[in-house]
There are 2 protein chains.
Amino acid sequence: MERPLTGIRVLDLSQFLAGPYGSMVLGDLGADVLKIEIPGKGDGSREMPPHFIHGQSGYFLSMNRSKKSMTLNLKSDDGLKIFYDLVRQSDVVYDNFRPGILERLRIDYDTLKAINPRIISASVSGYGQTGPLKDRPAFDLVVQAMGGIMSYTGPLGGEPVRMGAPMGDLAGGIFAAHGVLAALYQRERTGEGRRVDVALLDSQIALLIYRAVYYFLAGEVAVPAGSGHVSAVPIGAFKTQDIHIVIDANGDKFWRALCEAIERPEWAGDPRFADRAGRLQHVDELMALLQEIFVTRPGDEWIERLEAAGVPCGPINTVDRALSDPQVLARNMIVDATSPAYGTVKLTGSPIKFHGTDDAQYHAPPALGEHAEEVLTDWLGLSAERVQALREQGVI
Amino acid sequence: MERPLTGIRVLDLSQFLAGPYGSMVLGDLGADVLKIEIPGKGDGSREMPPHFIHGQSGYFLSMNRSKKSMTLNLKSDDGLKIFYDLVRQSDVVYDNFRPGILERLRIDYDTLKAINPRIISASVSGYGQTGPLKDRPAFDLVVQAMGGIMSYTGPLGGEPVRMGAPMGDLAGGIFAAHGVLAALYQRERTGEGRRVDVALLDSQIALLIYRAVYYFLAGEVAVPAGSGHVSAVPIGAFKTQDIHIVIDANGDKFWRALCEAIERPEWAGDPRFADRAGRLQHVDELMALLQEIFVTRPGDEWIERLEAAGVPCGPINTVDRALSDPQVLARNMIVDATSPAYGTVKLTGSPIKFHGTDDAQYHAPPALGEHAEEVLTDWLGLSAERVQALREQGVI
């Protein structure tokens, strides 16, 4: 079966991370995503050190599969006209500019709607299109800090650290893709596009969930909890004889299984630990007792015993181990993509699986301007001569 | 304008976190999401300590707005028949069961498709519907550990910690919502539903992005980096005279602005620091120099100076500060929801904003079974007597 968004065209003006991650989701789902990049320069992430292959940065490669690229100078009259022509044939214009830039470039939603009433205009910005901070620049670390999640990420009793995954950016791109998908669905019913406005800071707030409600209900302010859980015990990381492992045995069924696996069946009925509330009350005592036991055997032996007993557990995998996990490989989460410009690279795959659709084949991330001729001739019907002239004039 | 998914019905069998977060996204987008819960018991997260209001756990409240609830015993013949009747009138069946449970309950995709070929069946599971680990239980911490992100979340040179936000669960629910939205769009063209299969572990791998590609390209294995960035400098947290702040001044433009703001204009042209590659090479030296400067003034003063110079920066907000930020309030990210069962609660709002649609009003999270009568009479046309009989028989 075809990918769900087959036939949808996305004009992608976004750069670096939040925007491109969201448009990669749309491309993986089958949309024809066209990166529109500044001639001679392109997405700034193409230059991000330290790792490159044939001139392509690993950073860029990691979030630009399933896309095409053309260069276009939107500040030239011819470039703007070409962009409007593309808008007539497209479904979505997607950007991560700061508020006001779309208007300055004359490609804001009201302008585009007059050209194509079905167009969806989606912007991912640091703080959104409205509010007192809307004009401020923002990056992953800043929104992780301002949004609150950093304040409770870190070692127990220690100082805050960022989430290793750049969730400040990624969450914004991901929610923007939701907005685009919902607007595409609605357009099938109404025939009209919409304006989607996603902010990185809003997206962090949306990930606070129970931490926010615990504050609203009880004034509880979260602090770094290491690898434990604020209201569920025992959940955490433990040192074994060799590696670190984690267990998550909060539910009563899992707790009883854990007691068996560690040969302490009497703890299952111990009034201190028998139910969730008790384990939460005696958390320090319980975690210390468990640590004493786990350090006595190697990690793999514990994982085997805990799994046999049905206790959710796992090793803390470094990236190399995670990427060679048999389950990860079986799920096509590591894929090869081959480019005529720079050869074959390994990338992670899409986590959104549809039974009956191939999830192992992706278009390789595009070289800068790789698809300019194809788009201008196939989408817009321009002649080879006209394309050449545009190139000479620096429009593409 | 209406919310995009107005008129869509989702039968939501999911519990706890990954599933309910994804169905909340669908509900926020306008879908009629009906939680189908076990009679007398309900979603296990309704009992999650430690904070409750009128018997509702804060944990449950935080991710079940924009939903209805009815109880239904799927293991009874009458219950199963009612479920099938609901499937005839619905668009999506959404669960986070372990693989095999849908088949055991006789509500797997093949069965439902025979009843309603337009139905979309979406499952979020720990490891997916396929592969050697598919039958294992999984929870947030376990997939954070196995997926690799924990191994590079933590203090510089220290031990790994979990991301404070439960991204192991949240990412799965979020990607599942993408799958449902894409399948709804495709169904408008094909008239047929689809089977969506999202794994929490896959979702972690999908968040590795450049960390994965750096390993593939160069064998680089990520380690905890505190609040810094593996390939972009200066990015990080600094102690001021009082609070912690973060700055993100990697781009050359921002770097020059930072040099002005800290009154070290000569550093902008210093060969050690003048470009990205240089700053990356001299990261330890540069970060130490910056820390010496930042500790000399209060955080608010630095934020004001840095903002005036255009350097992306912010305070590391605790949850209480984040939830009272003027920008967060201006964006309707804190909302009130009122339930007939337990009164008014404060919740976080949706980050997916559509201009022209109210984003401040949400249905309050439902009490257990609150909408059973409404659904059985309005959706299925059952009489009040029949509903009463079902209740007496323990079917609902």
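Here are a few friendly questions and answers on chains A and B of this predicted model.

Local features need pLDDT of at least 70 and side-chain atom pairs count only at pLDDT 80 or more, while totals for chains, interfaces and linings use all residues. Residues are numbered from 1 along each chain as its sequence is written, chains are lettered from A in the order in which they are written, and side-chain values use heavy atoms, without hydrogens and water.

User: How many residues of helix α1 of chain B are buried?
Analyst: Helices here are DSSP runs (H or I, at least four residues), numbered from the N terminus. Buried means under 20% relative accessible area (1.4 Å probe, protein chains only). The helix spans residues 18–28 and is largely enclosed by the rest of the structure, because the buried residues number eleven of the eleven.

User: What area is buried between chain B and chain A?
Analyst: Buried area is the accessible area (1.4 Å probe) that two parts lose on being put together, summed over both. Carbon and sulfur atoms give 68% of it here. The total is about 12800 Å².

User: Which residue of chain A meets B:Glu307 in a salt bridge?
Analyst: A salt bridge needs a side-chain nitrogen of Lys or Arg within 4 Å of a carboxyl oxygen of Asp or Glu. The rule finds ten across this interface. In one of them, at 2.5 Å from N to O, the partner of B:Glu307 is A:Arg136.

User: Which helix gives the largest share of the side of chain B that touches chain A?
Analyst: That side has 84 nonpolar residues (Ala, Val, Leu, Ile, Met, Phe, Trp, Tyr, Cys and Pro). The largest share is 15 residues, from residues 167–190 of chain B, helix α7.

Notes. Buried means under 20% relative accessible area, exposed over 50%, partly exposed in between (1.4 Å probe, protein chains only). Helices (H or I, at least four residues) and strands (E, at least two) are DSSP runs, numbered from the N terminus.
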